[in-house]
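Here is a short briefing on one structure. Look it over first, then read the points below.

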Amino acid sequence: MSAELKELVNSPFLWIITVGGLCLVFGLALLFIIRSIKAAPHVGVTKEQVHITLKTACVSAIGPSIVIAVGMISLLVVAGAPTALLRLSVCGNVGYEVQAVGVAAGQFGADGTAASLTSEIFQTALFIAALGCIGYLIIPVLFVTKFDKVIQKVGGKDMTMMMVICNAAILGCYAYVDAPYILRMDNSTVALIVGFIVTLGVQQFVKKTGKKGLLQWNLLISMLCGMIAGAIAG
């Protein structure tokens, strides 16, 4: 990477955008937490359940954060610190970002390595990465209120039906994410199955022992076990 490109990928302007984006995300997260806490009593969620949810979310974020931190190292080489920090902290993932750089480099006849990058390739990669993820940001803004109206019409004031709809939506999301790994029948399938079994095992252990605090670590434990099993199987 040339000195000119290093100056570009680590420019103060990009750092300002990155810090601004992170502040926006933190602000929105705090806003949603406050509003969720206020709305919890109206949907039958107790203060204890809210506290457990917050603790579980914080603990569960440890595993993915470690993966992102490790992956950020590979992205730093080709995209610079501010871009890597913003893309992996707000939206996107390592595989997608590196692929965007590869596609951009291919259009200029380069191989996508740090030594072959130019300012034109870097700028093109940023546009590819941004345009590829813009749908995730626009669709919720345009349709989230409409989804809420549909749920209200279907469930009405019946809290049981509302819970069924919400649980069905969550199961659908998990099925969409997990199905490809099941069909691959490789080490990723092993990791998924082991993680699922460990999750059920922890839940059964909590039921027998009454140690509910362990549930907060359930996702992290199952992820680590699944990763180890996948690595061994691979």
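In which helix is Val141 found? Val141 is found in helix H7. Helices are DSSP runs (H or I, at least four residues), numbered from the N terminus.

This is a predicted model: local features need pLDDT of at least 70, side-chain atom pairs count only at pLDDT 80 or more, and totals for chains, interfaces and linings use all residues. Residues are numbered from 1 along each chain as its sequence is written, and side-chain values use heavy atoms, leaving out hydrogens and water.

**Surface**
- Val141 is exposed, with a relative accessible area of 63%. Exposed means over 50%, buried under 20%, partly exposed in between (1.4 Å probe, protein chains only).
- Val141 belongs to a nonpolar surface patch of about 1200 Å², whose other members include Phe127, Leu131 and Phe147.
- Such a patch joins nonpolar side chains (Val, Leu, Ile, Met, Phe, Trp, Tyr) within 5 Å, from residues with over 30% relative accessible area and no salt bridge. A salt bridge puts a side-chain nitrogen of Lys or Arg within 4 Å of a carboxyl oxygen of Asp or Glu.
- Areas come from the Shrake-Rupley method with a 1.4 Å probe.

- Thr83 is found in helix H5. Its relative accessible area is 10%, so Thr83 is buried.
- Thr83 touches Leu14, Thr18, Phe122 and Leu126, not counting residues up to four places away in sequence. Contact means heavy atoms within 4.5 Å.

**Helix H10**
- H10 (residues 218-233) has 16 residues and reaches 22 Å from its first C-alpha to its last.
- Buried residues in H10 include Asn218, Leu220 and Gly226.

Definitions and conventions: Patches are made of residues with over 30% relative accessible area and no salt bridge: like charges are joined within 9 Å, nonpolar side chains (Val, Leu, Ile, Met, Phe, Trp, Tyr) within 5 Å. Helices (H or I, at least four residues) and strands (E, at least two) are DSSP runs, numbered from the N terminus. The expected span of a helix is 1.5 Å times one less than its number of residues.
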